[in-house]
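Subject: Handing over the structure

Hi there,

Here is the structure I promised to pass on. Have a look at it first, and then read on for what turned up in it.

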Amino acid sequence: MLDTCGREVRTLRLSVTEACDLRCRYCMPGGVTLLRGAPLTAGEIMAIAQGAAKLGINKIRLTGGEPLIRNDIVEICEGISRIAGIASLCITTNGTRLAGLAPALAGAGVQRLNLSLDSLDESRYRSLTRGGELATVLAGLEAALAAGFERIKINCVLIGGVNDSEIEAFVALTVRWPVDVRFIELMPMGECTGWPPERFMHAEEVLQRCPMLAPIDAEGVAARYRLPGARGAVGLIRPMSHAFCGECDRIRITADGMLKPCLHSGTEINLRGLAGDALLQALAQGIGEKPTSHHLESGHSDTDRRMNQIGG
Ligand code: SAM
Ligand code: SF4
């Protein structure tokens, strides 16, 4: 289905929980956090995914919070991958439970995996995530590589003065493994809204540090480069320095059942409790209402949700 700006909306980012087993400093506060509402049930998720497919969505990415902490995540994936019209099912995960779950997820029809990893240094990773163990995530990555996913991408959020010294080490992963590494500009929302300007680096810096990277193409919102002989590509995702709203083909649904036409907009459309035509109408309204662009350059997002409450 086309939105009012003529963009064909094909992708749904569906959050299955806002809870998480990590507490990344830019994403979540430390300590216990209250949930906004009960997460969608597996049945509600299926109904939404089926409705979205009827409106032309052909790619679904499950996210959170941490999607793999749901006990029914494999069943949810099996159900979604069987929906007619859904050509691609992906998951974005922090990787803490991947070592055990990778084969089951691949068997349930998940084709692609995005693994979030912001440091390859054990103690920095522990500090950034407030307690995460790097070795567990790397074991998850190895399990994912063995499980036969079509594609694996490692997402690294660039944080100036924190992990930018690791740019070269992340780029080198594309030589070692058949994975893409994507550097994402930190966006001022939730926990990191008030962080000092030097934390918000331009991803262009990656090209300065690794001049051997040669441009290959643009894939969705990522500009892609490659090192000579590398097995994977390096992507730059630049929501801060390069507005890419014209290429945005996605809607988002939060774990408490609110459709967000844009990540950074405050507009939300309730889907909870809707079924049949009413659900389809609300989904179509959300697609139609995608705003032309966001206004991140003003220094903050217009949504009052943290990223774990939307899904990235
Ligand atoms: N827990 C899963 C994970 O970390 O992959 C899925 C949810 S997480 C909210 C999705 C992505 O959003 C992660 O790659 C995370 O690094 C990114 N993210 C969170 N807050 C961000 C921010 N302020 N700016 C840019 N990316 C952010
Ligand atoms: Fe959890 Fe993902 Fe947010 Fe980190 S980025 S706190 S792993 S939801």
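Helices here are DSSP runs of H or I with at least four residues, strands are runs of E with at least two, and both are numbered from the N terminus. M258 counts as buried because its relative accessibility is 17%. Buried means under 20% relative accessible area, exposed means over 50%, and partly exposed is in between, using a 1.4 Å probe and protein chains only. M258 and E268 are 10 residues apart in sequence, and their C-alpha atoms are 5.7 Å apart in space.

Before going further, please keep in mind that this is a predicted model, where local features need pLDDT of at least 70, side-chain atom pairs count only at pLDDT 80 or more, and totals for chains, interfaces and linings use all residues. Residues are numbered from 1 along each chain as its sequence is written, chains are lettered from A and ligands numbered from 1 in the order in which they are written, and side-chain values use heavy atoms, with hydrogens and water left out.

The chain as a whole

The protein chain holds 8 helices and 12 strands. Along the principal axes, the C-alpha atoms fill a box of roughly 50 × 45 × 40 Å. Of the 312 residues, 55% are buried. Contact means heavy atoms within 4.5 Å. Among contacts between residues at least 6 apart in sequence, 72% join residues at least 24 apart. The accessible surface of the protein chain is about 12,500 Å², and carbon and sulfur atoms account for 53% of that. Those areas come from the Shrake-Rupley method with a 1.4 Å probe; for residues, only the protein chains shown count as cover.

Two helices

Helix α1 (residues 42-54) has 13 residues and spans 19 Å from its first C-alpha to its last, close to the 18 Å expected at 1.5 Å a residue. That expected span is 1.5 Å times one less than the number of residues. The buried residues in α1 are I45, I48, A49, G51, A52 and A53. They pack against β1 (11-15), β2 (59-63), α2 (73-81), β10 (250-253) and α8 (276-288). Just after α1, G56 takes a positive phi of about 105°.

In α2, the buried residues are I73, V74, I76, C77, G79 and I80. Their cover includes α1, β2, β3 (88-93) and α3 (98-107).

T63 is placed in strand β2 and is buried, with a relative accessible area of 3%. Not counting residues up to four places away in sequence, T63 touches R13, L14, S15, V16, T17, T92 and G311.

L68 lies in the loop between β2 and α2 and is buried too, with a relative accessible area of 2%. Leaving aside neighbours within four places in sequence, the contacts of L68 include I73, I91, T93 and L101. L68 and V16 are 52 residues apart along the chain, with 9.1 Å between their C-alpha atoms.

R130 is in the loop between α4 (122-129) and α5 (134-147). It has a positive phi of about 55° although it is not a glycine. Most residues other than glycine have a negative phi. R130 counts as partly exposed because its relative accessibility is 32%.

V162 belongs to the loop between β5 (151-158) and α6 (167-176), and at 23% relative accessibility V162 is partly exposed. Beyond four places in sequence, V162 touches R124, L128 and R199.

C210 is in the loop between α7 (205-209) and β7 (214-219), and is buried at 8% relative accessibility. Leaving aside neighbours within four places in sequence, C210 is in contact with I167, E168 and V171.

Around ligand 2

Which residues are around ligand 2? They are C20, L22, C24, C27, M28, G65, N94 and N308, where a residue is near a molecule if one of its heavy atoms lies within 4 Å of it. By class, this shell has 5 nonpolar, 3 polar and no charged residues. Ala, Val, Leu, Ile, Met, Phe, Trp, Tyr, Cys and Pro count as nonpolar, Asp, Glu, Lys and Arg as charged, and the others, Gly among them, as polar.

Enjoy exploring it!

Best wishes
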